[in-house]
Amino acid sequence: MRISCVYVCVFGNGQKVIRFEMPFNVICLGCEEKFGIPRKIAKGVRFDAKKRFYGQYFRTKIYEFIMVCSACKQQLRVRTNPRDCT
């Protein structure tokens, strides 16, 4: 999974906000609860996401990207997975 980053903003609390491009097609389950129909978010759609350190796999850092669905305001979270990366 390749994460593309267009810009980075760092706030006073050390949290980074980046421009995140969705690496695969996803379905927002929050839209399904709120509107009754699931919303498909296509590969390549860009979000402003918070980037934070999640953990480590051996010496490789695992990051979590937190963004918000524009329709229902549900949080979407994507984590890197170096263990299963081939």
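This is a predicted model: local features need pLDDT of at least 70, side-chain atom pairs count only at pLDDT 80 or more; totals for chains, interfaces and linings use all residues.

Trainee: Which residues are linked in a network of salt bridges?
Mentor: R52, E64, R77 and R79 are linked in that network. A salt bridge here is a side-chain nitrogen of Lys or Arg within 4 Å of a carboxyl oxygen of Asp or Glu.

Trainee: How far apart are the closest N and O atoms of E64 and R52?
Mentor: They are 2.5 Å apart in the E64 to R52 salt bridge. That pair links distant parts of the chain: R52 sits in strand β5, E64 in strand β6, 12 residues apart.

Trainee: And with R77?
Mentor: For E64 and R77, the closest N and O atoms are 3.3 Å apart. R77 is in strand β7, 13 residues from E64.

Trainee: Is E64 buried or exposed?
Mentor: E64 is buried, because its relative accessible area is 0%. Buried means under 20%, exposed over 50%, and partly exposed in between (1.4 Å probe, protein chains only). R52 is partly exposed at 32%, and R77 is partly exposed at 46%.

Trainee: What else does E64 touch?
Mentor: Leaving out residues up to four places away in sequence, E64 touches K50, K51, R52, Y54, R77, V78 and R79. Contact means heavy atoms within 4.5 Å.

Trainee: How many salt bridges are there in the whole structure?
Mentor: The search finds five. One of them joins the side chains of E21 and R46, at 3.2 Å, N to O. E21 is in strand β2 and R46 in strand β5, 25 residues apart. E21 is partly exposed at 25%, and R46 is partly exposed at 44%.

Trainee: New topic. How many disulfides?
Mentor: Zero in the whole structure. A disulfide is a pair of cysteine sulfur atoms within 2.5 Å. For C28, the nearest cysteine sulfur is that of C72, 3.6 Å away. C28 is buried at 0% relative accessibility. C72 also counts as buried, at 11%.

Trainee: Which residues touch the most other members in the largest nonpolar core?
Mentor: F20, C28 and M67, out of 14 residues. A nonpolar core is a set of buried Ala, Val, Leu, Ile, Met, Phe, Trp, Tyr and Cys residues joined through side-chain atoms within 4.5 Å.

Trainee: Which strands supply at least two residues each?
Mentor: β2 (16-21), β5 (46-57), β6 (60-68) and β7 (75-79).

Trainee: Last one. Which residues other than glycine have a positive phi?
Mentor: F58 is one of them, with phi of about 55°. F58 lies in the loop between β5 and β6. F58 is exposed, with a relative accessible area of 70%. K73 is another, with phi near 65°. K73 sits in the loop between β6 and β7 and is exposed at 58%.

Conventions:
Residues are numbered from 1 along each chain as its sequence is written. Side-chain values use heavy atoms; hydrogens and water are left out. Helices (H or I, at least four residues) and strands (E, at least two) are DSSP runs, numbered from the N terminus.
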